[in-house]
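Please look over the protein below.

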Amino acid sequence: MSELYGLRSSRHLKKMMKYMQYVFNDHFVIVCVFLLGGLGFYYSELLKNLPEDFVWGRPLILVIWLVILLIGQLATLTQEADKVFILPKEAEMPGYFNRAFRHSFILPTVAIALLSGMTMPLLVVSGSEEFSSFFVYLLTLLLLKAAHLKWQEYDLYQISISESRSWQAIWFVASGGTLAAGLYVNPFVGLGISVIILGVFLVFLTRKKQQVSLDWEKMIKKENNRMHRIYRFINLFTDVPEITGSIKRRKLFDPVLNKIKKENKNTYLYLYARSFLRGSEYSGLFLRLLGVAGLILFFSKDLILSMGVAVVFIYLLGFQLIPIYAQFDYMVMTHLYPTPAKQKKQAVSFLLNVLLAIAAAIFGLIALFILPEKQEALLLIGAMVVEIILFTRFYVPQRLKKMEE
């Protein structure tokens, strides 16, 4: 069974690497570098202005560390047919789960190391800690994460919902107490407690697993849900066959569609607008990016950071919506429409203008309320207007031309 997981793991990684080349494209990498640079600068300036006895530093770090412990789930890579063909091999599943544990521990390790490392300067500034204690805290966090993955493995067995929630609550409370002991008493105290917690989870849960059987339906459902979340993220950057968009009536937007005159020149504009408003693929993407950007702008009172976020997300919104141009290419009837080819490009450009203008208006309203100077908000709005004009008049036509080649 260990070899079976190794085979599935290699196939899974190969598939994910194929998608990652679309996720981490040149545009996204540049945006990430720019955004991380801006956040890093803002973070460093914030640390410089914090008082030495900043009492909220440790509680804030405690909450952040508890949140990052939730990153990563047990990747069983099970499939629908397993409940029939691998069921007779249930006695050998511990070896399968051991490989799954090692595989699933890699991503949380990287995420915890990076995010906890980012919070260490705040701990040093507000708590008189030494940077050398970072490795003690990191090991504590990793041991607590290992206990979390062991609980997730036990949750795949035929246990009651109340028992599952009880063990989850025990882990959460124990993790919070461990991190609090490390932050407020001594880092090595927290490390010692984390060792005890992992030992307790290993011993007790191993014994309890021997008394129950695997819940194959639950295990497969959890894995399908985990993969669905991954595919939804990838779907922000490229089409994923495993994700299918849903269509809803949404009568609320009928007045918007009715404003588009049903004339020959508006054929594609009506199709694209209808597809955006009633489909979940592009409208969901638009709303998610809009929500993320709006949230960042709401907590930003710095002009440089706010302008960077607004400009970057206006570009991301426009870039991610461009593929709607090929939305109806698979339909034979659209190739028979008596409409000029340039009408498609004009319709997409107009739709992007409207959507980006809506996004800019929302960002501008947030800036007017959040930024201390109204002149700064107006400057941000002006930058977005210029970007939208340049994007729709120069970048979009070139991009559509490449899509036709």
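Which span should the 18 residues of α13 have at 1.5 Å a residue, and how far apart are its end C-alpha atoms? The expected span, 1.5 Å times one less than the number of residues, is 26 Å, and the end C-alpha atoms are 26 Å apart, so the two agree.

This is a predicted model, in which local features need pLDDT of at least 70 and side-chain atom pairs pLDDT 80 or more, while totals for chains, interfaces and linings use all residues. Residues are numbered from 1 along each chain as its sequence is written, and side-chain values use heavy atoms, without hydrogens and water.

Helices here are DSSP runs (H or I, at least four residues) numbered from the N terminus.

A nonpolar core is a set of buried Ala, Val, Leu, Ile, Met, Phe, Trp, Tyr and Cys residues joined through side-chain atoms within 4.5 Å.

| Core | Residues | Members include |
|---|---|---|
| Largest | 53 residues | Tyr 272, Phe 276, Phe 286, Ile 314, Leu 317, Phe 363 |
| Second, separate | 51 residues | Leu 47, Leu 62, Phe 97, Trp 167 |

Leaving aside neighbours within four places in sequence, Leu 317 is in contact (heavy atoms within 4.5 Å) with residues including Phe 286, Leu 356 and Phe 363.

Conventions
Buried < 20%, exposed > 50% of the residue type's maximum accessible area, 1.4 Å probe, protein only. Helix = DSSP H or I, 4+ residues; strand = E, 2+ residues; numbered from the N terminus.
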